[in-house]
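Let's take a friendly tour of a protein structure. Have the picture ready and follow along.

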Amino acid sequence: MSLSRAKSRKRQRMYIIGAVLLAVAGAAALALTAFEDSVVFFFSPSEIVEKSPIDPDQRLRIGGLVEEGTVTKLQDGKTIAFVVTDMAQSVTVAYSGILPDLFREGQGIVAEGHMNANGMFVASEVLAKHDENYMPPEVAESLKKSGYWEEIEAKNAKKMRN
Amino acid sequence: MHRFAKPSVFLKLTAPILPWLAGATAILIAAGLYFALFASPIDYQQGDTVRIMYLHVPSAWMGLFCYVGMAICGAMSLIWKHPLADICARATAPIGATFTALCLITGSLWGEPMWGTWWVWDARLTSMLILLFLYLGYIALVNAFDDPDRGSKAGSALALVGAVNVPIVKFSVDWWNTLHQPASIVRMDGPAVDPSMQLPLALMILGFTGYYFVVLILRVRLELNERRIRALHLSGMFDDNAQDAEPYDPGHNAETSQ
């Protein structure tokens, strides 16, 4: 008699813990969905274009791939301009400062700054985004030769669009 | 199952396992470090910096693994009131906290040369920092009560509620865009790490997991022995021995013999 009562108490505690966990998980899911815009680290060029015109006072981050052949030095000799793309939309980014070592054409980057009136993104900081692929140089070489490399870059661009 | 959860059975079962587990762990970590530092290729992009990954990824894995273990022990301690579950949860917390801190520190050291920053508040890094705070909060909470039972109740509740953060850490890189790269190992398309780099990583992950269980067994045994000594003191067992042996703690004997 008392044994079964103890058992039902344990079952009751189990249900209570399960219910509390479900409630907490639900609350967390709702909160994170509601604040999605502040949880995401950056916006893709598509999202920036969609949101534009963006108030120049608003600081935000843009993320995407540096488009091949678009990195140029402006006339003042210290500002670098390049196009950030997610293969659907592109935004030109201007930046004067130290670029991370991994910065190069085709690389994923995240820039922080604001949009100016001409639709150019003026960055105050540029970070390199590393992808999830780890391989020795020889493997990278052979992937480039076999043409599989473009597939990886296309995948990265797609991920940036999210 | 309760039969195995008895403290005496725990001591008897783990005693023969411990030296083997400790030996295997030492070999795994030594071999893992050798491959990680010397016998594995550099990365095409990161160069030698890739070697930080062999500490970072296993630490991250252990941070999550220990938390899941702690939360399960917390649930068992709340539901079945089993003292061994509570001891395991308390013993796990500092180990998990250390691994989580190691993960954050190595990640930061990698981020500076690769990303160009020590720290950003993206979803992965922030949720991992919250994991560390959950560990520290648990440790502070279980020790904040004079009555250890109340401490373990409050701590178990915190550990369980905090378990919501575990899937957030794991899937943060899929649910939101982050500066942190997506999963490289446990993912739909199979690992994105070259096989030559998977070996040191696997050795280190196994070694770290072994290390956790070695330290867990040692810490649980320590706590069980401490409790046994305390119980013996309280039962006045040492008073009887005092006649034929040197009294261990005369002051204590005087107190308990009253």
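## Where the chains meet

Keep in mind that this is a predicted model. The contact between the chains draws on 38 residues of chain A and 45 residues of chain B. Together, chain A and chain B bury about 3600 Å², with 63% of that area on carbon and sulfur atoms.

Polar links are found here too: 16 residue pairs are in polar contact between chain A and chain B, both residues being at pLDDT 80 or more. On the side of chain A that touches chain B, two or more residues each come from helix H1 (2-34), helix H2 (36-39), strand E6 (121-129), helix H4 (137-146) and helix H5 (149-161) of chain A. H1(A) gives the largest share, nine residues. Sorted by class, this side of chain A has 24 nonpolar, four polar and 10 charged residues.

## One salt bridge

How many salt bridges are counted between chain A and chain B? The count is one. Look for Arg187(B) and Glu132(A), which form a salt bridge with their closest N and O atoms 3.0 Å apart.

In soluble globular proteins, nonpolar side chains tend to be buried together. Here, the largest nonpolar core has 50 residues, and Tyr67(B), Met70(B) and Val220(B) touch the most other members. Helices of chain B that give two or more residues to this core include H2 (53-80) and H7 (195-235).

Leaving aside residues up to four places away in sequence, Tyr67(B) touches several residues, among them Leu131(B), Tyr135(B) and Val166(B). A second, separate core of 26 residues includes Phe43(A), Ile62(A), Phe121(A) and Val164(B).

Methods
Residues numbered from 1 in each chain as written. Chains lettered and ligands numbered in written order. Predicted model: local features only at pLDDT ≥ 70, side-chain atom pairs only at ≥ 80, totals over all residues. Heavy atoms only, no water. Contact = heavy atoms within 4.5 Å. Buried area = accessible area lost by both parts, 1.4 Å probe. Salt bridge = Lys/Arg side-chain N within 4 Å of Asp/Glu carboxyl O. Polar contact = N/O pair within 3.5 Å; in protein donor to acceptor, adjacent residues only side chain to side chain. Helix = DSSP H or I, 4+ residues; strand = E, 2+ residues; numbered from the N terminus. Nonpolar A, V, L, I, M, F, W, Y, C, P; charged D, E, K, R; others polar. Core = buried A, V, L, I, M, F, W, Y, C linked by side-chain atoms within 4.5 Å. Buried < 20%, exposed > 50% of the residue type's maximum accessible area, 1.4 Å probe, protein only.
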